Amino acid sequence: MIDIHAHILPGIDDGAFDMECAVEMASLAFESGVEIIVATPHSSAYGNQNLWGPELKKAIIDFRQRLKEEKIRVLIIPGMEIFASSSVPQLLKEKKLIGLNGSRYPLIEFEFENYAAQATEILEEITQQGMRPVIAHPERYLYVQEDPTILNLWVDMGCLLQINKGSLLGRFGYEEQMLALELVRRGFAFVVASDAHSSSIRTTWMNDVKELLREEFSASAAQALLEDNPLKLLKNQEIEWMEPEWF
Ligand SMILES: [Fe+2]
């Protein structure tokens, strides 16, 4: 499997707090069948503004070296989880923020409680630059739960949706779980990822969600959401636009 959303770089954000924790997270991922993890530290203009540069590059090199020493065969790839703000399109253009594996597919998140009036404008600006935003965990936003029709607009614009494994497994609550399952059923979900923050809660373990997808949907759905689709993102491949069952 390929996990495109994990806060696994040690000491960079609110994810792995040190190298030991990061190694444990990688080890868990590997045991559960994950071969590639995109390290996606938070970047927000309002808080932890990690920009792509020497610090993140070094964190990845050091982590890869440590995993090699530990013989944990998980490939760590660069990425970011970018909190949407008006400065994001320009920072993407300047490559101070990057897409997953440097691709045209940036992972974008929003505020959880309130629909930011600018959210759609920001997504539009990004798409005008030839990029296709991957929206992180839309099922967790309150305003999406209340009115999922906003997803019609975002998907019609070319955005792709990333669902959290914890939502599908019911770890965030009933509303999140029901919407996450509905998004898979309707063909809105493009990829499922861990959004892992530690090795004890919100972990990198992916086998349970793979089983759930196989049981609730099909083996080919699990394969698409956990392997084939994330690989297309990392390879920066052209992704065919697929019409979901609209809300
Ligand atoms: Fe995240």
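Trainee: What should I know about the model and its numbering?
Mentor: This is a predicted model, in which local features need pLDDT of at least 70, side-chain atom pairs count only at pLDDT 80 or more, and totals for chains, interfaces and linings use all residues. Residues are numbered from 1 along each chain as its sequence is written.

Trainee: How many helices and strands does the protein chain have?
Mentor: Helices (H or I, at least four residues) and strands (E, at least two) are DSSP runs, numbered from the N terminus. On that basis the protein chain has ten helices and nine strands.

Trainee: Why is the protein chain called as compact as a globular protein of that length?
Mentor: The radius of gyration is taken over C-alpha atoms, and the globule rule is 2.2 Å times the number of residues to the power 0.38. For 247 residues the rule gives 18 Å, so the chain counts as that compact because its own value is close to this, at 17 Å.

Trainee: In what order do the six strands of the open sheet stand?
Mentor: Two strands pair if DSSP finds at least two bridges between them. The pairing in this sheet is parallel, and the order is β3-β5-β6-β7-β8-β9.

Trainee: Which strands stand at the edges of that sheet, each with a single partner strand?
Mentor: A single partner leaves one side of an edge strand without a neighbour in the sheet. The two strands placed so are β3 (42-43) and β9 (189-193).

Trainee: How many residues of β9 are buried?
Mentor: A residue is buried if 20 or more other C-beta atoms lie within 10 Å of its own, exposed if 12 or fewer, and partly exposed in between, with C-beta atoms placed from the backbone. Helix α8 (residues 174-185) lies across β8 (160-164) and β9, and helix α10 (residues 219-234) lies across β7 and β9. β9 is mostly covered, and its buried residues number five of five.

Trainee: At which residue does α10 bend?
Mentor: The bend at a residue is the angle between axes fitted to the seven residues ending there and the seven starting there. In α10 this angle is about 40°, and the residue is Leu225.

Trainee: Which elements cover the buried residues of α10?
Mentor: The buried residues include Ala222, Leu225, Leu226 and Asn229. An α-helix has 3.6 residues a turn, so residues three or four places apart point the same way. The cover includes β1 (2-6), β4 (75-78), β7, β9 and α9 (207-216).

Trainee: Is Leu169 buried or partly exposed?
Mentor: Leu169 is found in the loop between α7 (165-168) and α8. Two residues are in contact if their C-beta atoms, placed from the backbone, lie within 7 Å; leaving aside neighbours within four places in sequence, Leu169 is in contact with Asp208, Val209 and Leu212. With 15 C-beta neighbours inside 10 Å, Leu169 counts as partly exposed.

Trainee: Which residue of β2 stands opposite Ile2?
Mentor: Three strands form an open sheet in the order β1-β2-β4, with parallel pairing. Three bridges join β1 to strand β2 (residues 36-39). The residue opposite Ile2 is Ile36.

Terms used
Axes are lines fitted to C-alpha atoms, for helices over the stretch in contact, and angles run from 0 to 180 degrees between N-to-C directions.
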